[in-house]
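Visitor: I have a structure to look at and some labels to understand. Can we take them one by one?

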Amino acid sequence: MASRPAAPRRRAFYAGHNYVAGDSVGYLLHQVVTSMRRHIEQAMAAHELTAAQWLPLWKLARDGACTAQQLAREVDIDAGAATRLVDRLVAKGLVERQRAPGDRRVVMLQLTPAGQAVAAQVPRVLAEVNNTYLRGFSHDEWQQLKALLRRMLEQGAARTGADR
């Protein structure tokens, strides 16, 4: 009877007795994300958008009209914050509220033409910031980085049972 090959041992890359936060993948990822967010916020300021405003505009541009509740869920904010955010976007003339034709009780949010023009700038800003952080990487390194990060997400989702 043939024996089964042994399962590969799981390697522990960190140990509690000599853990250095600055060497933690989580810490480094957090630092990169925080730095990128700062750069995105600075770039969006040229379009008179705050960090909280550009993402909802971009989601509306990509996905079309939705309710404030749907938008809140998409950008991971509570209903009260979503109402204040939408009020600011409406005041800026970037978003408008429309009654849903099938159910007049439902209020849909959609971009105005001015909102569409501003939202069209978001992908360019995001691409510019990402390219800044990836300067000096080869195409293969970029692909490998994305693959490794996706693999980490899969590992985390498998561990927690959460969706990615």
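Visitor: Where is the place of Ser 24?
Guide: This is a predicted model. In it, Ser 24 sits in the segment before helix 1.

Visitor: Why does Ser 24 count as buried?
Guide: Its relative accessibility is 8%. Buried means under 20%. The value 8% falls under that cut-off, so Ser 24 counts as buried.

Visitor: What makes the link between the side chains of Ser 24 and Tyr 19 a polar contact?
Guide: The distance is 3.1 Å, side chain to side chain. A polar contact needs a pair of N or O atoms within 3.5 Å, and one must be able to donate a hydrogen and the other to accept it. This pair is listed as such a contact. Beyond its neighbours within four places in sequence, Ser 24 is in contact with Tyr 14 and Tyr 19.

Visitor: Why is Leu 111 called buried?
Guide: Leu 111 lies in strand 2, residues 107-111. Its relative accessible area is 9%. The limit for buried is under 20%, so Leu 111 is buried.

Visitor: Which residues does Leu 111 touch, not counting those up to four places away in sequence?
Guide: Among them are Leu 57, Leu 60, Ala 61 and Leu 94. Touching here means heavy atoms within 4.5 Å.

Visitor: How many residues of each class are in the lining of the largest pocket?
Guide: There are 28 nonpolar, three polar and seven charged residues. The pocket holds about 1800 Å³ of space. Of its 38 lining residues, those closest to its centre include Val 25, Leu 29 and Met 152.

Visitor: Which helix gives the largest share of that lining?
Guide: Helix 7 does, with eleven residues.

Technical notes: Residues are numbered from 1 along each chain as its sequence is written. This is a predicted model: local features need pLDDT of at least 70, side-chain atom pairs count only at pLDDT 80 or more; totals for chains, interfaces and linings use all residues. Side-chain values use heavy atoms; hydrogens and water are left out. On a 1 Å grid over the protein atoms alone, a cavity is a set of points where a 1.4 Å probe fits but cannot get out, and a pocket is an open set with protein on both sides within 12 Å along at least five of seven lines; lining residues have an atom within 4 Å of a point. Grid points are joined across faces, edges and corners, and a volume is the space filled by probe spheres set on the points. Helices (H or I, at least four residues) and strands (E, at least two) are DSSP runs, numbered from the N terminus. Ala, Val, Leu, Ile, Met, Phe, Trp, Tyr, Cys and Pro count as nonpolar, Asp, Glu, Lys and Arg as charged, and the others, Gly among them, as polar. Buried means under 20% relative accessible area, exposed over 50%, partly exposed in between (1.4 Å probe, protein chains only).
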